[in-house]
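Q: Hi! I have a structure open and would like to walk through it with you. Can we start with how it is divided up?

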Amino acid sequence: MEKVLPQRVDGVSAPFFEGASDGVLKIQHCADCGHWQFYPRPFCTACGADDPAWEVTRGRGTVASFSIVRRGLTKAYEAPYAVALIDLAEGPRLMSNIIDCDPENITVGAAVEVAFASWSEAITLPVFRLSTEGGTL
Amino acid sequence: MSLRGATALVGAYDTAVGVVPDRTATELCAEAIRGAVADAGLDLEDVDGLITCNSMAQPILYHAEAMAEYLQMYPHLCMTLPTGGGTTVSALAHAAAAIQAGTAGTVVMVMADSLRSGLTRDQAMRLQSSTGHPDFEQPYGPTVPAYYALIAQAHMATFGTTPEQLARVAVDTRAHAARNETAQMRDLITVDDVLNSRPIADPLRLLECSLVSDGGAAVVLTSAERARDLKQAPVYCLGFGEGHSHEHISQARDLTTSAAAVSGAAAYAMAGVSPSDFAFAQLYDCFTPTVLVELEDLGFCAKGEGGAYLESEGMGPGARLPVNTHGGMLSHCHPGNPGAMFGLTEAIRQLRGDCGERQVENANLGLFHAQGGIMSSHATLVLGREC
């Protein structure tokens, strides 16, 4: 059984998914007003400019909240696993998984850094690890 | 022109709830419509508006139209609102506006589903979690409890709310359900029972999650003027409010403050009431943190003090503000989208004084609040015995 795959990886969101395949976390950064934006849209939600530019982020953030899922969504999701909301250093918040750690070690406010994990042959998604340097752990 | 007191709820009906395998969602929906209309002392031909919510177990593309046909009704106002639990009150506000504008006379709002018997457990889980963003949330495997766990965790980290305080929501709700013979779960539970129940999505445990049920309910709304000539004592709609802050939890502007603050303030202003005026409140309780945040945002305690409020005041029978006197979605039933309807029909019965053993004293003014999505869409209704 396969994990749930994103439904639309082309079009306006293509740079996000192409970036993940290349090992970088890219999000939209409006050249007109400087607003960082996630998820992708064909306009800037702050100033209305069309087609905001894409930029590689530092891939660092903090945990805004998290849950350890004890009963997985489907058999493809082996519980326990951590679903978290990550506040990127650049500003936007995104949902992700925190991997490679004892779930008991995750706290709200913990520093995390991006990693990449394969969801299918074609799809790679950004996930996060607890930071080993400069973080709260 | 204000909607205050312009309309009244004059009919209410619940089908059997819990495990009802011998009825399809469509059959439950039809039963609820017929039951509510009969409760009002009306015939189907007296109804010219029908608002439904689609079923997950037996979805129909044009649901309200199909239900009207099923019952051989020919309404002037006919719509399916698919926005989830919060649909309930917002649909009523729009129906009330239609009645006030003269484009509809008497409107039935109905919701029914067979989440328990019409779907497998995995189907129900997968369908409900599809509320997450298809590209940027769902792939990470969040379950519906996990979405609400994110809110609970943030509240605990920000305000120091404890698991014991959150558990009080489940314990007190069960105490109400114990007094309601139609409730699905009626055995009293303790805080320890809640904390020792199976972890589902930390920090939420099994007894902090709402039930999975079959069932349906309907209400009948008409003008206040017409209501005075009907069979039941009218329950007047005194205030409506609606608020929307996001759809997906990762886009919420604030994890611990919801648009209930907006919808509640609007409803109170229209009705000219304040939180201390209510004899009871029926609050959407899909998970324990939902109630915690609603108690704060609807003004029953200050932001961040929901945990302390639950610990000191509680919300069970005899509390200063009894909440979910029928047993809520945590203990009465939760057939998916229809879940909130049972809080509404209970509010109507409380205000009529029809609740027997669980009747709240001096029930003259009641609050009903529903939300949909993941604390996304909120609707508040102030109901009273007098205009």
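A: Happy to! Taken over C-alpha atoms, the centres of domain 1 and domain 2 of chain B are 23 Å apart. Keep in mind that this is a predicted model.

Q: Which residues belong to domain 1 and domain 2 of chain B?
A: The domain assignment gives 7–119 + 213–235 for domain 1 and 142–211 + 237–384 for domain 2.

Q: And how many residues of the two domains are in contact?
A: On the domain 1 side there are 33 residues, and they are in contact with 34 residues of domain 2 of chain B.

Q: Which elements give two or more residues to the domain 1 side?
A: Those are β1 (7–14), α3 (87–101), β4 (106–114) and β7 (214–223) of chain B. The most comes from α3(B), with 7 residues.

Q: What classes of residue are on that side?
A: The side of domain 1 that touches domain 2 of chain B has 17 nonpolar, 13 polar and 3 charged residues.

Q: OK, new topic: how many residues does each chain give to the contact between chain A and chain B?
A: Chain A gives 31 residues and chain B gives 25. On the chain A side, β4 (60–69), β5 (81–88) and β6 (93–98) each give two or more residues. The largest share is from β4(A), with 6 residues. By class, the chain A side has 18 nonpolar, 8 polar and 5 charged residues.

Q: Back to chain B. Which residues of helix α4 are buried?
A: In α4 (residues 121–129) of chain B, they are B:Ala124, B:Gln128 and B:Ser129. They sit on the same side of α4(B), because they cover an arc of only 120° around the axis.

Q: What covers the buried residues of α4(B)?
A: The cover includes α5 (144–159) of chain B.

Q: Which residues touch the most other members of the largest nonpolar core?
A: That core has 165 residues, and B:Ala36, B:Ala95, B:Val108 and B:Met109 touch the most other members. The element that gives the most to this core is α5(B), with 10 residues. Domain 1 and domain 2 of chain B each supply at least three residues to this core.

Q: What does B:Val108 touch?
A: Leaving out residues up to four places away in sequence, the contacts of B:Val108 include B:Ile33, B:Val47, B:Ala218 and B:Val220.

Q: Which residue other than glycine has a positive phi?
A: One is B:Asn362, with phi near 50°. Another is B:Met375, with phi near 55°.

Q: Where are they in chain B?
A: B:Asn362 is in the loop between α13 (341–352) and β10 (365–372), and B:Met375 is in the loop between β10 and β11 (377–384).

Q: Is B:Met375 buried or exposed?
A: B:Met375 counts as buried, because it has 31 C-beta neighbours inside 10 Å. B:Asn362 has 7 such neighbours inside 10 Å, so B:Asn362 counts as exposed.

Note on methods
Residues are numbered from 1 along each chain as its sequence is written. Chains are lettered from A and ligands numbered from 1 in the order in which they are written. This is a predicted model: local features need pLDDT of at least 70, side-chain atom pairs count only at pLDDT 80 or more; totals for chains, interfaces and linings use all residues. Domain bounds come from an automatic or database domain assignment. Two residues are in contact if their C-beta atoms, placed from the backbone, lie within 7 Å. Helices (H or I, at least four residues) and strands (E, at least two) are DSSP runs, numbered from the N terminus. Ala, Val, Leu, Ile, Met, Phe, Trp, Tyr, Cys and Pro count as nonpolar, Asp, Glu, Lys and Arg as charged, and the others, Gly among them, as polar. A residue is buried if 20 or more other C-beta atoms lie within 10 Å of its own, exposed if 12 or fewer, and partly exposed in between; C-beta atoms are placed from the backbone. The arc is that of the directions from the helix axis to the C-beta atoms. A nonpolar core is a set of buried Ala, Val, Leu, Ile, Met, Phe, Trp, Tyr and Cys residues joined through C-beta atoms within 7 Å.
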